[in-house]
Amino acid sequence: MEKAVDALMTDEILHHFLSIFSLNIVNYKKLGDFENYVYQASKDGEELILRITHSTHRKLEELLSEVDWMSYLRTEGVKVPKVVSSKNGNMIEALEAGDGTVFYAGLFSKAMGKPISVRAPEFNKELFHAWGRAVGKMHAATKSYVPSADIVPRMQWDEEELLTVEKYIPEEDQLIVKNTKDLLNLLQTLPKHINNYGLIHTDIHSGNFFYDGKDIQVFDFDDCCYHWFGSDIAIPLYYSLLYKFKEADPAEVNIFGKVFLNSFLDGYQLENEIPCDLENHLPLFLRLRDITLYSVLHKKIAPEERDHQLLVMMKSIKDRIERNAPIYLS
């Protein structure tokens with residue numbers, strides 16, 4: 001989290017949100033603080049997830065559109081967390097910070113199952129198949145989604161502020177700025193239709209779902225936007241490779257990538273037709289994620305806070321962006 005936001009996030013703000021959602025204000029656990037502050041807390045014996053967002057990250061209308069889509073997906077049988085209302089009956093609550101900016105909070109049911117590390121034995125073909133099936137079901141459902149009355153639709157993919165990379169990366173990275181603009185221009189020419197484009201999660205990596213041995217339940221819809229379905233297929237592959245192979249032999253990466261995609265797409269097509277242009281577009285979406293990740297790491301993590309492992313990863317990402325090379329080529 002940026003230091004300026006961290007300085008505004010007080011115990012009083014946290015306790016206000018715990019109270020207004022009727023959560024236990026003594027026994028709670030912080031789970032994360034990268035883009036949002038995430039806590040596990042209990043209500044009537046049930047463990048729930050409280051997420052607190054600063055207004056520099058999301059507007060109120062964006063948060064309302066996120067929970068509207070999540071609620072719709074649940075009605076369509078997609079396994080996503082339930083949105084839990086506050087004492088006031090609101091899905092999102094707001095509180096002004098000391099400088100006049102605003103913190104927002106939402107409460108969600110805790111996903112069933114458990115997290116699966118890329119090093120775990122369960123990180124295998126069966127999981128990849130379930131992963132693909134879950135994403136396919138989500139895409140099939142989103143084709144018929146229409147925002148509820150008074151809900152402002154989520155942003156389009158190219159409205160993501162992280163794609164304005166020159167705001168966050170070092171000034172000398174001019175080749176990255178150029179290659180980013182070239183890629184964005186290329187993506188603007190891709191066709192959009194109901195079977196390849198719609199509101200998607202955009203960040204379904206292994207840290208954003210739990211697995212019960214049969215099904216996965218996806219959570220953290222913070223980055224959802226209108227995008228090509230192929231991006232929701234590229235992202236699981238991207239992060240699986242990034243997390244599993246820190247310094248890997250390209251041949252080993254290629255073998256794993258094939259196994260992952262085959263199993264993932266076998267599951268996906270049980271719920272939704274595979275986008276016909278996926279093979280040609282997948283490398284473009286993999287390159288786009290390198291750019292987004294490179295940008296957010298510069299935005300969120302100050303140079304003095306970057307350890308050796310992160311610096312090595314950032315160097316690899318930078319090298320791929322400068323070469324216009326995706327993390328994986330089929």
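This is a predicted model: local features need pLDDT of at least 70, side-chain atom pairs count only at pLDDT 80 or more; totals for chains, interfaces and linings use all residues.

Student: What makes the chain as compact as a globular protein of its length?

Tutor: Let us begin with its elements, which are nine helices and 10 strands. The radius of gyration of the chain is 20 Å, and the globule rule gives 20 Å for 330 residues, so the chain is as compact as a globular protein of that length. Along the principal axes, the C-alpha atoms fill a box of roughly 50 × 45 × 40 Å.

Student: How much of the chain is buried, and what share of its contacts joins residues at least 24 apart?

Tutor: Of the 330 residues, 55% are buried. When we take contacts between residues at least 6 apart in sequence, 75% of them join residues at least 24 apart. The accessible surface comes to about 15,100 Å², and 51% of that surface belongs to carbon and sulfur atoms.

Student: Why is Ser-263 called buried?

Tutor: The word buried is used for a relative accessible area under 20%. Ser-263 has a relative accessibility of 9%, and therefore it counts as buried. This residue is found in helix H7, and, leaving aside its neighbours within four places in sequence, Ser-263 is in contact with Lys-125, Phe-128 and His-129.

Student: How do you know where empty space is left?

Tutor: A probe the size of a water molecule is rolled over the atoms, and this shows where empty space remains. In this model, the largest pocket holds about 1,300 Å³ of space. It is lined by 50 residues, of which Glu-35, Asp-203, His-205, Asn-208 and Asp-220 are the closest to its centre.

Student: Which helix gives the most to the lining of the largest pocket, and what classes of residue make up that lining?

Tutor: Helix H8, residues 278-300, gives the most, with seven residues. By class, the lining of the largest pocket has 27 nonpolar, 11 polar and 12 charged residues.

Student: What lines the second largest pocket?

Tutor: The second largest pocket has a volume of about 540 Å³. Its lining consists of 22 residues, and the closest to its centre are Phe-245, Lys-246, Ser-316, Arg-320 and Ile-327. Helices H6, H7 and H9 each supply at least two residues of this lining, and H9 gives the most, with eight residues. By class, the lining of the second largest pocket has 13 nonpolar, four polar and five charged residues.

Conventions. Residues are numbered from 1 along each chain as its sequence is written. Side-chain values use heavy atoms; hydrogens and water are left out. On a 1 Å grid over the protein atoms alone, a cavity is a set of points where a 1.4 Å probe fits but cannot get out, and a pocket is an open set with protein on both sides within 12 Å along at least five of seven lines; lining residues have an atom within 4 Å of a point. Grid points are joined across faces, edges and corners, and a volume is the space filled by probe spheres set on the points. Helices (H or I, at least four residues) and strands (E, at least two) are DSSP runs, numbered from the N terminus. Ala, Val, Leu, Ile, Met, Phe, Trp, Tyr, Cys and Pro count as nonpolar, Asp, Glu, Lys and Arg as charged, and the others, Gly among them, as polar. The radius of gyration is taken over C-alpha atoms; the globule rule is 2.2 Å times the number of residues to the power 0.38. Buried means under 20% relative accessible area, exposed over 50%, partly exposed in between (1.4 Å probe, protein chains only). Contact means heavy atoms within 4.5 Å. Accessible areas come from the Shrake-Rupley method with a 1.4 Å probe; for residues, only the protein chains shown count as cover.
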